Structures are given as C-alpha cells and as structure tokens.
Amino acid sequence: MISRTLILLRHAKAETPGTLDDYDRSLTERGESDADAAGAWLANERLRPDLVLCSSARRTRQTWQAAAIALSQGAPGGVAPEVRYLDELYLCGRTEVLDALRTVSDEVRTVLVVAHNPTVSEVSALLMPDDQFTGVVTEMKTSGIAVHTGENPWSDTQPGAMRLTRQHTARG
C-alpha cells in the first residue's frame, strides 16, 4: 500500500466581519504573518503538497498564497503543486471535504486542504481512528494545521481511516 498524507490548514486570522461580505474578508496583518509561518513550518517538516484544495474565499486564497511563498523559499527549485480553488469548500461541511478528497487521483501522495472552521476541525476529528480520538485536542485555531496519514486510496476516504500524526498552530 502507498502512504498518503492529508494536511488540513485552517485559514489565518481575517478581518472582523463588518459591512464587507464574509466571502471577501481579507487576512489581517497578523494573519499574513501567521500564514507565512504556516508555510515555513510545512517546509521545515518536509510536508510538500502535490495538490492543494482551497476554498475560493479571499482569506483562504490569501492564506495559501502566503504559505506557498514561504514553502517555496524552504525548497528552492521545487515543483509547485496543482491548486484548485473550490467554491464548494466555502461554507461547506465535512461531507463536502470528504467528497472533494474522494475525487483526488491515487497518484497524488500529499493533499493540502485550506478551508474554514468548524469544518476543518470536524474533518480532522472524523478521520481519526477511535483508538486515537481520546484526549486529542481537535479544535483548530486560525492557522492551525493537522496532518493525517493513511494507506487507503483517496477514493476510499472514510471516517476513522487516517491517523493524526502532527498538529501545529502557526504564529508569525
């Protein structure tokens, strides 16, 4: 079997909702710094996605873009991953995230999902096997990262099928 890695990244700190539409909220200065720190952590951990599934909302796109710059600085000359900006990852639930993962080609080894809470926290908890769930903090803060590994094909992504191997909250 081939080992697969799923990285879940909650978007970085965004502007407080106001008169601006939620979809169009931008990262704050701290959010930009934290997103950069997320990319640096991924580079340091040698976690390089082959594919990025990113919510199409502004703050998630900005999170990925800042993380991608830091990630590429940690691996000069590396190949940039394919990036898919998906409307269905904005205001979605865990079912939509699992459905998106099930469409990933089995040649892809590492997928990064950049999305929103509570969904990313729920997906992380849902993927953990029962023997791992006890005592693990699953509520992800902004710029929170959860790394899961499993051996099933992406098309067979199921609850309880991917162990949580690392957690991190990036702060710049």
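**View 1. Arg 10, a buried charge in strand S1.** Arg 10 sits in strand S1, which covers residues 4-10. This is a predicted model, and in it Arg 10 is buried but has no salt bridge. The nearest side chain of opposite charge belongs to Glu 139, 4.8 Å away, whereas a salt bridge needs a nitrogen-to-oxygen distance within 4 Å. So what does Arg 10 touch, leaving aside its neighbours within four places in sequence? Its contacts are Ala 115, Asn 117 and Val 120, together with the run Met 140, Lys 141, Thr 142, Ser 143 and Gly 144.

**View 2. The largest nonpolar core.** Here 26 residues come together, and those touching the most other members are Leu 6, Leu 53, Leu 101, Val 111, Val 113 and Trp 154. At least two residues of this core come from each of S1, strand S2 (51-55), helix H3 (94-102), strand S4 (110-115) and helix H4 (119-127). A second, separate core has 18 residues, among them Ala 43, Trp 64, Leu 112 and Ala 170.

**View 3. The buried face of helix H3.** Look for Val 97, Leu 98, Ala 100 and Leu 101, which are buried in H3. Seen down the helix axis, the buried residues of H3 fall within an arc of 160 degrees, so they line one face of the helix. An α-helix has 3.6 residues a turn, so residues three or four places apart point the same way. The buried residues of H3 pack against S1, S2, strand S3 (82-86), S4 and H4.

Methods: Residues are numbered from 1 along each chain as its sequence is written. This is a predicted model: local features need pLDDT of at least 70, side-chain atom pairs count only at pLDDT 80 or more; totals for chains, interfaces and linings use all residues. Side-chain values use heavy atoms; hydrogens and water are left out. Helices (H or I, at least four residues) and strands (E, at least two) are DSSP runs, numbered from the N terminus. Buried means under 20% relative accessible area, exposed over 50%, partly exposed in between (1.4 Å probe, protein chains only). Lys and Arg count as positive and Asp and Glu as negative; His and the chain ends are not counted. Contact means heavy atoms within 4.5 Å. A nonpolar core is a set of buried Ala, Val, Leu, Ile, Met, Phe, Trp, Tyr and Cys residues joined through side-chain atoms within 4.5 Å. The arc is that of the directions from the helix axis to the C-beta atoms.
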